[in-house]
Each structure stands twice: as C-alpha cells, then as structure tokens.
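Subject: Structure for your review

Dear colleague,

Please find below the structure that I am handing over to you. My findings follow it.

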Amino acid sequence: QQTFQTDLALREIEVIYDQIVKHARGATGAQMVILATWSPETGVIRGRASSGYGTAAGQRARRAIRLLLPSFDPDDVAMDVHVNAVQETVFLRGESITAPFIETAKDVVPDVVLRIVSKLLGVKHSTVQPLWVRGQVVG
C-alpha cells in the first residue's frame, strides 16, 4: 500500500514539474527551461524536467549529443552543489542570477554538450532562479 502511494505521489510530482517547465518556457519565450531539485543533506542537484528538446532544433541537438556521447542522458543530470559559482549562488544563497550559458553549465555537462546546445538551440545566456518552498530553496 505505502509503495503504491509513494509511486503515485512521485508520478504526480513529475507531472507538476513538467507543467512548470512547459508554462515557464511559454511565459518567457526561452529556448529551453530546466527544473532541478537539490538535497541540502547530500548537496546533490538533479535535473527533474525540461522543455525545449521537443522543437526541431531540440531534436537535432539530442541526436547530435547521442551521436557523440551515446551514454549521456540529458534528462538524467546530477551534480554537486559546489560544481560552479552559479549553482552555489542559486542553491546555497537563494539568489537569482543571469550569466553566460557556458558559465552556468560549466562542469555540469560535458563541454561538447554545451557547444551543441549553444549552437543548435541558440542558447547564449541563462537566467537561473531558485525555487522556494516554505522558506527553503528546493530547486
């Protein structure tokens, strides 16, 4: 019973994450929106949902990434909160930041992924916002 309820709750959360990125992308006109959560206990940031790969350019980017890095899954990215200064600013200090895309994603994904996303999706800058719940940054 409890496992079923846990699985159901996780699926419901995933649906909510998908709706957040879909609506955020529509509202901002961003080429790509990614929602990540983090655990203060472990210090791990994990990508949970994204919007932007469904476009023609997004599909080309996915194919190029798969061709060059077959084992890399852009939907399953995890990193330590101290991976770069941008992530520390958002997750540890709860501040919004706008920075060059390369700086935002430095050491988060392989450099070749950064170049593909920048070139094929035209992503040059990123605005990273903390997601606050009950007074704590959760994403």
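A salt bridge is counted here where a side-chain nitrogen of Lys or Arg lies within 4 Å of a carboxyl oxygen of Asp or Glu. The model is a predicted one, in which local features need pLDDT of at least 70, side-chain atom pairs count only at pLDDT 80 or more, and totals for chains, interfaces and linings use all residues. Residues are numbered from 1 along each chain as its sequence is written, and side-chain values use heavy atoms, with hydrogens and water left out.

Confidence

The mean pLDDT (the predictor's confidence in each residue, from 0 to 100) is 89 for the chain, and 94% of the residues reach 70 or more. Helix α1 (residues 2–28) has the lowest confidence, with a mean of 80, whereas helix α3 (residues 85–92) has the highest, at 95. Helices (H or I, at least four residues) and strands (E, at least two) are DSSP runs, numbered from the N terminus.

Salt bridges

The whole structure contains 4 salt bridges. One of them joins the side chains of Asp76 and Arg46, at 3.4 Å from N to O. Asp76 belongs to the loop between α2 and β3 and Arg46 to strand β2, so this pair ties together parts that are 30 residues apart in sequence. Relative accessible area is classed as buried under 20%, exposed over 50% and partly exposed in between (1.4 Å probe, protein chains only). Asp76 is partly exposed at 48%, and Arg46 is partly exposed at 30%.

Another salt bridge links Asp75 and Arg62, at 2.8 Å from N to O. Because Asp75 lies in the loop between α2 and β3 and Arg62 in helix α2, the pair ties together parts 13 residues apart in sequence. Asp75 is partly exposed, with 41% relative accessibility, while Arg62 is buried at 16%. Lys106 and Asp107 also meet through their side chains in a salt bridge (3.2 Å, N to O).

The sheet

The antiparallel pairing of β1 with β2 extends over 7 bridges, and Ser39 has Val44 in β2 as its bridge partner.

Within strand β2 (residues 44–51) lies Ser51, which is buried, with a relative accessible area of 14%. Contact means heavy atoms within 4.5 Å. Neighbours within four places in sequence aside, the contacts of Ser51 include Val21, Arg25 and Met32.

Thr127, in strand β5 (residues 125–128), is exposed, with a relative accessible area of 51%. Its C-alpha atom is separated by 5.7 Å from that of Ile97, 30 residues away along the chain. Thr127 touches both Ile97 and Thr98, not counting residues up to four places away in sequence.

Yours sincerely

Conventions:
Pairing = 2+ DSSP bridges.
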